[in-house]
Amino acid sequence: MHVKVRQVAVYSSPHAKHALLVLRKRDPRGTQRAFLVRAATKKWIRVYLPTRPNGSQGWIRARAVRMYTNGYRVVVSLRAHRLRLWRGTKEIATYPIATGAPSTPTPRGLFYVVELLKPHNPGGSYGPFAFGLSAHSEQLKTFAGGDGRVGLHGTDQPGLIGSSISHGCIRLRNAAIRRLAKILPLGTPVYVRT
């Protein structure tokens, strides 16, 4: 679901008199604002928010957004160091991953893709692409100039795939993140489990 108005008000319930927060149509990097839908009525939509704390939800007016169907979902198994890509009821790919270190674990829960970034240096530590997720680190309030958002990205150290060594992000080999960057739309659900 994408925001179609200049800014969208988020409410604690459909009956709330005042908004909890107001989000612009585009994030500070210019990415179209997207949400993951939890429930919908004719006039209101309950969404997961890309804010702290993880799992935050709110209600927005249906007329403020454009709904679309996304058949993809990502399931991350932390202990197995494995990412599974699903389209509908069919698993279409599986990739080995690196996850958060014990001191900075990858948060568990239901999240979604909020942005796709193309780093200036495709051979750098984030690889050729990085998805920003709605998840935030529970340990790091800031990281690399940002708000501690967890990413799903490539790597310049493929030998570390299969281990728990990141600051909370999910790392894939660069060929895998290139494939995902071609097909995953904003709003794709990402379920991170043990």
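Guide: Begin with burial: a residue counts as buried when its relative accessible area is under 20%. The model shown here is predicted, and buried residues make up 45% of its 194 residues.

Visitor: How many helices and strands does the protein have?

Guide: The protein has one helix and 16 strands.

Visitor: Which residues touch the most other members of the largest nonpolar core?

Guide: A nonpolar core joins buried residues such as Ala, Val and Leu through side-chain atoms within 4.5 Å. Here the largest such core holds 28 residues, and Val76, Leu83, Leu133, Leu152, Leu172 and Leu180 touch the most other members. Helix 1, residues 174-183, gives the most to this core, with four residues. A second, separate core has 17 residues, among them Leu23, Leu36, Val47 and Ala62.

Visitor: What does Leu180 touch, residues up to four places away in sequence not being counted?

Guide: On that count, the contacts of Leu180 are Leu83, Leu85, Tyr95, Phe131 and Leu172. For the protein, 55% of the contacts with a separation of 6 or more link residues 24 or more positions apart.

Visitor: What radius of gyration would a compact globule with 194 residues have?

Guide: It would be near 16 Å, and the 17 Å of the protein agrees with this. The C-alpha trace spans about 50 × 35 × 30 Å along its principal axes.

Visitor: How many positive and negative side chains does the protein have?

Guide: There are 32 positive and 6 negative side chains, and the centres of the two sets are 10 Å apart. As for the accessible surface, carbon and sulfur atoms account for 52% of about 10200 Å².

Key
Residues numbered from 1 in each chain as written. Predicted model: local features only at pLDDT ≥ 70, side-chain atom pairs only at ≥ 80, totals over all residues. Heavy atoms only, no water. Buried < 20%, exposed > 50% of the residue type's maximum accessible area, 1.4 Å probe, protein only. Helix = DSSP H or I, 4+ residues; strand = E, 2+ residues; numbered from the N terminus. Contact = heavy atoms within 4.5 Å. Rg over C-alpha atoms; globule rule 2.2 N^0.38 Å. Areas by Shrake-Rupley, 256 points an atom, 1.4 Å probe, with all protein chains shown as cover. Lys, Arg positive; Asp, Glu negative; His and termini not counted. Charge placed at Lys NZ, Arg CZ, Asp CG, Glu CD.
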